[in-house]
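Subject: Structure handover

Hello,

Here is the structure I promised to pass on. Please open it before reading further.

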Amino acid sequence: MKTYREELYYFTKTRRAYINITNDVQQIINKSNIKDGLILVNAMHITASVFINDDERGLHNDFEVFLEKLAPEKPYEQYEHNGYEDNADAHLKRQIMGREVVVAITNGKLDFGTWEQIFYGEFDGMRKKRVLVKIIGI
Ligand code: ZN
């Protein structure tokens, strides 16, 4: 069995953003030369998510509205966590959208359902952040 590890970096110009990272992840699989196995992709920050869903702009706007209803960014003083920081909403949004995904690799490709794509969800951006990719397989 082989293993392979690499980090991806993302810097968003806005506080919140969704980035389709499927191609970046597939390129790492290609480099790893692993044809059959499992891939873990996780945000290395507690204010960002990695998740799988549809690459459809309307849905991404729906995520924004949904998350703002559950954990609105403002007013900042509504959260006990805020004070030194103002990102309590980002921690909560990340908790809802999840930390990581695990996907099967078959014949060297991500073994997805029809509309599945991997996204990096940023909830406290405007700084460089990391995503870990770890592959095990043969
Ligand atoms: Zn914080």
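Below is what turned up, from the overall fold down to single residues.

Please keep in mind that this is a predicted model.

**Overall**

The chain has 138 residues, of which 44% count as buried. It holds 3 helices and 8 strands. Their order along the sequence is β-β-α-β-β-α-α-β-β-β-β. The C-alpha atoms fill a box of roughly 50 × 30 × 20 Å along the principal axes. Among contacts with a separation of 6 or more, 82% are between residues 24 or more positions apart.

N87 and H91 are both buried.

The geometry deserves a look. For reference, four tetrahedral donors ideally give 109.5 degrees.

**Helix α2**

Three of its residues, H60, F63 and L67, are buried. They sit on the same side of α2, because they cover an arc of only 45 degrees around the axis. The buried residues of the helix pack against β2 (17-20), β4 (48-53), α3 (88-97) and β7 (117-122).

**The loop between α2 and α3**

E73 is in this loop. Is E73 buried or exposed? It is buried, because its relative accessible area is 12% and the cut-off is 20%. The side chain of E73 makes a polar contact of 3.2 Å with that of R16. Beyond its neighbours within four places in sequence, E73 touches R15, R16, E68, Q78, Y79, D89 and K93.

P75 lies in the loop between α2 and α3 too. The peptide bond between K74 and P75 is cis, with omega at about 0 degrees. In general, most peptide bonds are trans.

**V50 in strand β4**

V50 belongs to strand β4. Its relative accessibility is 1%, so V50 counts as buried. Leaving out residues up to four places away in sequence, its contacts include V41, M97, V101, I118, Y120 and V131. V50 and V131 are 81 residues apart along the chain, yet their C-alpha atoms are separated by 8.2 Å.

Two residues other than glycine came up with positive phi.

- N33: phi is about 65 degrees. N33 is in the loop between α1 (22-32) and β3 (36-43). Its relative accessible area is 45%, which means partly exposed.
- M126: phi is near 70 degrees. M126 is in the loop between β7 and β8 (128-137). Its relative accessible area is 49%, which makes M126 partly exposed.

As background, most residues other than glycine have a negative phi.

Best wishes

Conventions:
Residues numbered from 1 in each chain as written. Predicted model: local features only at pLDDT ≥ 70, side-chain atom pairs only at ≥ 80, totals over all residues. Heavy atoms only, no water. Buried < 20%, exposed > 50% of the residue type's maximum accessible area, 1.4 Å probe, protein only. Helix = DSSP H or I, 4+ residues; strand = E, 2+ residues; numbered from the N terminus. Arc of directions from axis to C-beta. Contact = heavy atoms within 4.5 Å. Polar contact = N/O pair within 3.5 Å; in protein donor to acceptor, adjacent residues only side chain to side chain.
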